[in-house]
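Colleague: I am new to this structure. Could you show me how to read it, feature by feature?

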Amino acid sequence: MSDWPKVRLHVVTGKGGTGKSTVASALALALATRGRNVLLCEVEGRQGIARMFDVDPLPYQERRLTTGLPDEDGGRGVVHALHIDAESALLEYLSMYYRLGRAGKALDRFGVIEFATTIAPGVRDVLLTGKVYEAVQRNSRNKSAIEYDAVVLDAPPTGRITQFLNVSNELAGLAKVGPIKAQSDTMMTLFRSPRTAVHLVTVLEEMPVQETADGIAELRTAKLPVGGVIVNQVRPRDLDADDLAAARAGTLDRDRIEADLAAGGITVSPALVDGLLAEAADHAERRALEDSQRELVAGLDVPSYELPRMAGGIDLGGLYELAGLLRAQGMA
Amino acid sequence: MARSSAHRPSRVGPATGPGHHADPLDVDALLDDPRTGIIVCCGSGGVGKTTTSAALALRAAERGRKVVVLTIDPARRLAQSMGIEELDNTPRPVTGVQGSGHLDAMMLDMKRTFDEVVLSQASPEKARQILANPFYIALSSSFAGTQEYMAMEKLGQIHRDAQDSGTYDLIVVDTPPSRSALDFLDAPERLSSFLDGRFVRLLLMPAKGPAKLMTAGIGLITNALTKILGAQFLKDLQTFVTALDTVFGGFRQRAQQTYSLLKADGTAFLVVAAPEADALREAEYFVERLSEDEMPLAGLVVNRASPDPGGELSADEAMTAAERLRRTGDGSLTAGLLRLHADRVRMVERERTLRERFATAHPQVATAVVPALAGDVHDLDGLRRVGNLLARRH
């Protein structure tokens, strides 16, 4: 059973370098169980999804990307992908709601489109979130459009996430009346509802954990629903607590290790043992740091999930593996 | 490329293809050169730009230079160690610097920098009008790109002051983690194109010219905008643009000046990356963009590389031995050590491949590789260690 049964929109954020795009992708695979359609979208123009799934750069159009992680009896749903860019979103929006005709072209000619998508404060973010909103709210009236059971958004980093989701509020403050204002208000209603969850990706280091805590506080102040914390790139736990302590203190039993190595069929040299002991000491120090940061994460009072660091990098198979771990921990 | 030729098997026959690898980056030569006046650290988010900037600045100061480091958003404890807990746009001396030099540090306050620019450019009355405009308030605090623009604005200010009064001979700048790689390079041009754009002229028109200039096209647009955004929105925007019109001339001029400053001989760009596919791809973009704009690129810093395990034991051998130990049921500690070793070897190999690919594509880019420290950096000692690692030539 998923921890987030009511959530339709999963927003995934995190400090740069923590792997939020990887987690968003794995989450989309995990959510796509039998009979369920999932949309994975990105808004930062980086084509990260295309790279991760090794497909051609995504257009502003929903594309079938792949099938989800199979469930116990092999059933799979479908994951679709969408790359949202502000300019296309604005043009679509204008043609959908206003049938501007000649004026639409004039807007472009006078640089209004460019102004709106690059300069005007907040408009860019409203357009991007507006499209996400449309995908989540979509209903069966439009027969050609796919209805999604879940939408996963690979969102901007933690430092900007509240502003990003709250921006319709900000814009609404500027546009005091009119249809934009009305639409912004409706969007905020969805983003603040239990149908949305903002998940934060972190690694077990000081600054990302601090940023996660700050991000959660900001989201709560803005009344945006905080989801889970995904602790990414956790180091392997091949040593138990006693051995870690001994590794830190430099008191691991050298003779025993040498004997074991020989029993394992390895030619023992002093340099080899020195190297293994030095690696153990490094690892133990990192693990101590991880443990102290893990305690801070536990104190954040939100559900948390852990994903391992993958020494070989993450390929498509690795994404499914991460998806399996998220599902096993109840995130999807 | 950090992996020096000494580590490579000696080659027989002519060097071809990937054999062309870049030189190591000589950080101390860069810091010691009196002609180096500005060092700009750029790169994607989460690669350790801020720590790198601070470590370079401290090292330069301890080697005798008068340095100021302009950071964007340091970790709290790092900020504390540099004496910049408060965000107030004033450089503050860092205590504990050893040697004959001097180090000041400051953290960029975007909104305040923007306000200062407006106050210095406009008449007091006009400035008040601008600062109170809802458009300005939104723009100055949330416009994507404002932070980049303001970082460059502040750099220009500090540089002018330093030249006038001789306070600093080296400025180290940490750049905001841009959404699109080099927003701060684009900011001046974007601003100019906006100001010269037809849309702004259109907005200014009712205030400036007679109504008869309103062509049918313009009527269409204002009607459309009013319909979508409401009349108030358009009115606020118009007031804002009109008010800023006088200010923007100086704005644009200085943006251009800062841009030329970045291109000048005394500036050195360092692209910071992590040894990850994504970060190196971004770094590649930075490198290409800098060379397109003829910006002086000094080199690449690959941060937090997995430390080389040394020794001869391969990952496969280690895993085989660990498996053998697991089957006999003894030596769980040793099996654990072997698995850790295999993990480390795999990381190091993957990172090396990534770096070599980068070097093959960009053989002209000198590189420094900084191994990951086991702990976090949050004091001057930590920065000193990073500085040592940065300067260690491979």
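Colleague: How much space lies in the second largest cavity?

Modeller: Start with the general idea. Rolling a probe the size of a water molecule over the atoms shows where empty space is left. Keep in mind that this model is predicted. Here the second largest cavity holds about 70 Å³ of space. A search of the whole structure gives six cavities of 30 Å³ or more.

Colleague: Which residues line the second largest cavity?

Modeller: The lining includes A:Lys20, A:Ser21, A:Glu42 and A:Arg46. A:Asp154 is also one of the lining residues. By class, the lining has five charged residues, three polar and one nonpolar.

Colleague: Two of those names sit in a helix, I think. How should I read helix α1 of chain A?

Modeller: First the general idea. An α-helix has 3.6 residues a turn, so residues three or four places apart point the same way. Now the case. Helix α1 of chain A covers residues 20-31. At 1.5 Å a residue, its twelve residues should span 16 Å. Its end C-alpha atoms are 16 Å apart, which agrees.

Colleague: Is α1(A) largely enclosed or open?

Modeller: Twelve of its twelve residues are buried, so α1(A) is largely enclosed by the rest of the structure. Among the buried residues are A:Lys20 and A:Ser21, which also line the second largest cavity.

Colleague: What about the nonpolar cores?

Modeller: In soluble globular proteins, nonpolar side chains tend to be buried together. The largest nonpolar core here has 87 residues. A:Val151, A:Leu153 and A:Phe191 have the most contacts inside it. Helix α11 of chain B, residues 231-263, gives the most to this core, with ten residues.

Colleague: Which residues is A:Leu153 in contact with?

Modeller: Leave aside neighbours within four places in sequence. Then the contacts of A:Leu153 include A:Leu9, A:Val11, A:Cys41 and A:Phe164. A:His10 is also one of them.

Colleague: Is A:Glu290 buried or exposed?

Modeller: A residue under 20% relative accessible area counts as buried. A:Glu290 has 3% relative accessibility, so it is buried. A:Glu290 lies in helix α12 of chain A, residues 270-298. Not counting residues up to four places away in sequence, A:Glu290 touches A:Leu204, A:Gln233, A:Val234 and A:Arg235.

Colleague: How many helices and strands does chain B have?

Modeller: Chain B has 15 helices and eight strands. Of its 394 residues, 56% are buried. Take the contacts in chain B between residues at least 6 apart in sequence: 77% join residues at least 24 apart.

Terms used:
Residues numbered from 1 in each chain as written. Chains lettered and ligands numbered in written order. Predicted model: local features only at pLDDT ≥ 70, side-chain atom pairs only at ≥ 80, totals over all residues. Heavy atoms only, no water. 1 Å grid on protein atoms, 1.4 Å probe; cavity = no way out; pocket = protein on both sides within 12 Å on 5 of 7 lines; lining within 4 Å. Points joined across faces, edges and corners; volume = space filled by probe spheres on them. Nonpolar A, V, L, I, M, F, W, Y, C, P; charged D, E, K, R; others polar. Core = buried A, V, L, I, M, F, W, Y, C linked by side-chain atoms within 4.5 Å. Buried < 20%, exposed > 50% of the residue type's maximum accessible area, 1.4 Å probe, protein only. Helix = DSSP H or I, 4+ residues; strand = E, 2+ residues; numbered from the N terminus. Contact = heavy atoms within 4.5 Å. Expected span 1.5 Å × (residues − 1).
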